[in-house]
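Please keep the sequence and the structure in view while reading.

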Amino acid sequence: MADTAPNGPQGAGAVQFMMTNKLDTAMWLSRLFTVYCSALFVLPVLGLHEAASFYQRALLANALTSALRLHQRLPHFQLSRAFLAQALLEDSCHYLLYSLIFVNSYPVTMSIFPVLLFSLLHAATYTKKVLDAKGSNSLPLLRSVLDKLSANQQNILKFIACNEIFLMPATVFMLFR
């Protein structure tokens, strides 16, 4: 007998959830792509030349995610000083600028870790929501991996903070080199 819920197949709730939250789903997909490209940069199984292109793809995907998040957080665009000040207060604006600064530079492994880890954390959170919409008992192995990731969230955030602290002097050094 097939798994069916009162409203249809088991995955129908997840599809409905994703269709209802299209912008969040787009950000989730771009974050998954960021994780994929970042992993292929950090572990260059396809060669060093391909790794450099995955570095740029990861940063561009992160820029897309940040732009979508900024669009979600700010009212309609206005060419004004107040709008710019409000945009610069948003973390998504900072990561958009971060991605645009590093996308055309020589690949720096240290610069990809915040992008990778933030994308991983946010993608895990949304994945849990999708799994909850699919059903409370769906994919228990994936749920346990996501729970372990959530349990280590504070350590991951501390690592990101340290990485960004050490990245600043490294970036300044690279400018003068």
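## Overall fold

Read from the N terminus, the elements of the protein chain follow the order β-β-α-α-α-α-α-α-α-α. The chain therefore has two strands and eight helices, under an assignment in which helices and strands are DSSP runs. The model is a predicted one.

Along the principal axes, the C-alpha atoms of the protein chain fill a box of roughly 65 × 45 × 30 Å. Of the 177 residues in the chain, 35% are buried. The protein chain exposes about 11,400 Å², and 67% of this area is supplied by carbon and sulfur atoms. When contacts between residues at least 6 apart in sequence are taken, 67% of them join residues at least 24 apart.

## The largest pocket

The largest pocket has a volume of about 570 Å³. It is lined by 23 residues, and those closest to its centre are Arg-31, Thr-65, Arg-69, Ser-92 and His-122. As a general point, empty space left between atoms is shown by rolling a probe the size of a water molecule over them.

Which helices each supply at least two residues of the lining? They are α2 (22-42), α3 (48-73), α5 (91-103) and α6 (109-134). Helix α6 gives the most to the lining of the largest pocket, with eight residues. Sorted by class, the lining holds eight nonpolar, eight polar and seven charged residues.

## Spans annotated in UniProt

An unreviewed UniProt entry lists residues 28-48 and 95-121 under "transmembrane region". In the model, residues 28-48 are 76% helix and 0% strand, and the C-alpha atoms at the ends of this span lie 27 Å apart.

Residues 95-121 are 81% helix and 0% strand. The end C-alpha atoms of residues 95-121 are 15 Å apart.

Thr-34 lies in helix α2. Is Thr-34 buried or exposed? Its relative accessible area is 0%, so Thr-34 counts as buried, the cut-off being under 20%. With residues up to four places away in sequence not counted, Thr-34 touches Ala-58, Ala-61, Asn-62, Val-115 and Ser-119.

Phe-102 has its place in helix α5. Phe-102 is also classed as buried, because its relative accessible area is 6%. Leaving aside neighbours within four places in sequence, the residues in contact with Phe-102 are Tyr-55, Leu-59, Ser-111, Leu-167 and Thr-171. Between Phe-102 and Ile-160 there is a separation of 58 residues in sequence, and the C-alpha to C-alpha distance is 16 Å.

## A loop residue with positive phi

Leu-139 is found in the loop between α6 and α7 (140-151). The phi angle of Leu-139 is near 45°, a positive value in a residue other than glycine. In general, most residues other than glycine have a negative phi.

Is Leu-139 buried, exposed or partly exposed? With a relative accessible area of 44%, Leu-139 is partly exposed, because this class covers values between the 20% and 50% cut-offs.

Key. Residues are numbered from 1 along each chain as its sequence is written. This is a predicted model: local features need pLDDT of at least 70, side-chain atom pairs count only at pLDDT 80 or more; totals for chains, interfaces and linings use all residues. Side-chain values use heavy atoms; hydrogens and water are left out. On a 1 Å grid over the protein atoms alone, a cavity is a set of points where a 1.4 Å probe fits but cannot get out, and a pocket is an open set with protein on both sides within 12 Å along at least five of seven lines; lining residues have an atom within 4 Å of a point. Grid points are joined across faces, edges and corners, and a volume is the space filled by probe spheres set on the points. Helices (H or I, at least four residues) and strands (E, at least two) are DSSP runs, numbered from the N terminus. Ala, Val, Leu, Ile, Met, Phe, Trp, Tyr, Cys and Pro count as nonpolar, Asp, Glu, Lys and Arg as charged, and the others, Gly among them, as polar. Buried means under 20% relative accessible area, exposed over 50%, partly exposed in between (1.4 Å probe, protein chains only). Contact means heavy atoms within 4.5 Å. UniProt positions are given in the numbering used here, feature names are shortened, and annotations may be inferred rather than shown by experiment. Accessible areas come from the Shrake-Rupley method with a 1.4 Å probe; for residues, only the protein chains shown count as cover.
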